[in-house]
Amino acid sequence: MASLKKNKQCTHKFKTYEWTYLVHLLKQGFSVKEAILLLDEHTNIPSLLEQGKSIEQILCENKHGSFYTHLYFFLSITSLPNAIVSALDMEAFEKNMIKKLTKQISYPLFILVFSFVILYLFTSMVLPQLIMSFDLQDENQTLMFTVVLLKWIIQLWFFTMLMTLIIVLAAKNNERLRMKIYAHTPWLHLPKDLTSYRMAGYFIPLIQHDISTKDAFSFLSKRKKCDLITHCATEIKNQLEQGMDLLDALKQNVWINTAFYDTWRIGIHTKDMKEALVSMMRRQEDTWTCQIKYLTIGIQVFAYGFVGVMVLIMYQIMLIPLQLMETM
């Protein structure tokens, strides 16, 4: 009974190193069934294959996450080992960018939040006691006003962060809400840049497999995951079917950035679209790296500046009782 349960729950949700090893086995000439059995002898994938299920259904059905979204797409245009490699590469970039951002801003962000918490506790617990004990209402009104103002700023900041978190979590699984947010935040360049970058990442293997541009957009419009790439590809596919020129369609699309449009023009001119897209992706990576650096510096300056102001205010407040005692 335990064995049946194990087989039922299993078995094809591999880890990254297992996917890499599977690619190695497939490239060594092993069949899909043999390679997967070498990877996990308890898997039920061979029996599912014998039942007539496709490898796309078995590996991607009811699976969540960017890797499975990429894998499902690449399996429709290339072999299993190449699809796995392409999916792993796409996922690795997304994870590395998030990891790099988190690593660089985690410490200054911690300092900022910690100083906010300390000041809030001070203004909520320590300061009222000082006011009651030393009757500080009439002393240094400017200082008192500054402390209260900072307290309200902190409360507003916490409320804003909480609402942002709620909206992000709500939009994560709600396509309509996501599109509304994107439509009302045209000043945000990240969604446009990220969509264009990922679009380029998808087009490179499509070009390698001699997929026509029209068919490529058709493939992208049928992706398993419905996001901005799917939305853009659907719009462009419909425009191409209506006879619109591709460059005009790219230029009019609100979620395709200027870099992607210019890159496509360069690729047409040089007749090497793959190299043009690779260069565009590298430039975008460098741009994001610089932006992360500037963001980190900005957070650090604000965090340390806030800590300095907080220490100065606390020092001034602590001096008031001593000054009162001297005048008694």
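In this predicted model, let's start with E241, which forms a salt bridge with K237; their closest N and O atoms lie 3.7 Å apart. Both residues belong to helix α12 (residues 228–241), and because they are four residues apart there, about one helical turn separates them. Their surroundings are worth a look too. E241 is partly exposed, with a relative accessible area of 49%, whereas K237, at 16%, is buried.

How many salt bridges does a search of the whole structure find? The search finds two. Besides the pair in α12, there is a salt bridge between the side chains of K33 and E50, at 3.2 Å from N to O. This pair links distant parts of the chain: K33 sits in helix α3 (residues 32–39) and E50 in helix α4 (residues 45–50), 17 residues apart. K33 counts as partly exposed, with 33% relative accessibility, while E50 is exposed at 59%.

Helix α6 (residues 66–75) meets helix α10 (residues 190–208) at an angle of about 30 degrees, and their axes are 11 Å apart. Angles under 35 degrees count as roughly parallel, so α6 and α10 are roughly parallel to each other. Their crossing is right-handed. On the α6 side, the contact involves H70, F73 and F74; on the α10 side, R198, Y202, P205 and L206. Sorted by class, this contact has five nonpolar residues, one polar and one charged.

Terms used
Residues numbered from 1 in each chain as written. Predicted model: local features only at pLDDT ≥ 70, side-chain atom pairs only at ≥ 80, totals over all residues. Heavy atoms only, no water. Salt bridge = Lys/Arg side-chain N within 4 Å of Asp/Glu carboxyl O. Helix = DSSP H or I, 4+ residues; strand = E, 2+ residues; numbered from the N terminus. Buried < 20%, exposed > 50% of the residue type's maximum accessible area, 1.4 Å probe, protein only. Axes fitted to C-alpha atoms, helices over the stretch in contact; angles between N-to-C directions. Parallel < 35°, antiparallel > 145°, perpendicular 65-115°, else oblique. Left-handed = near helix turned anticlockwise from the far one by under 90°. Contact = heavy atoms within 4.5 Å. Nonpolar A, V, L, I, M, F, W, Y, C, P; charged D, E, K, R; others polar.
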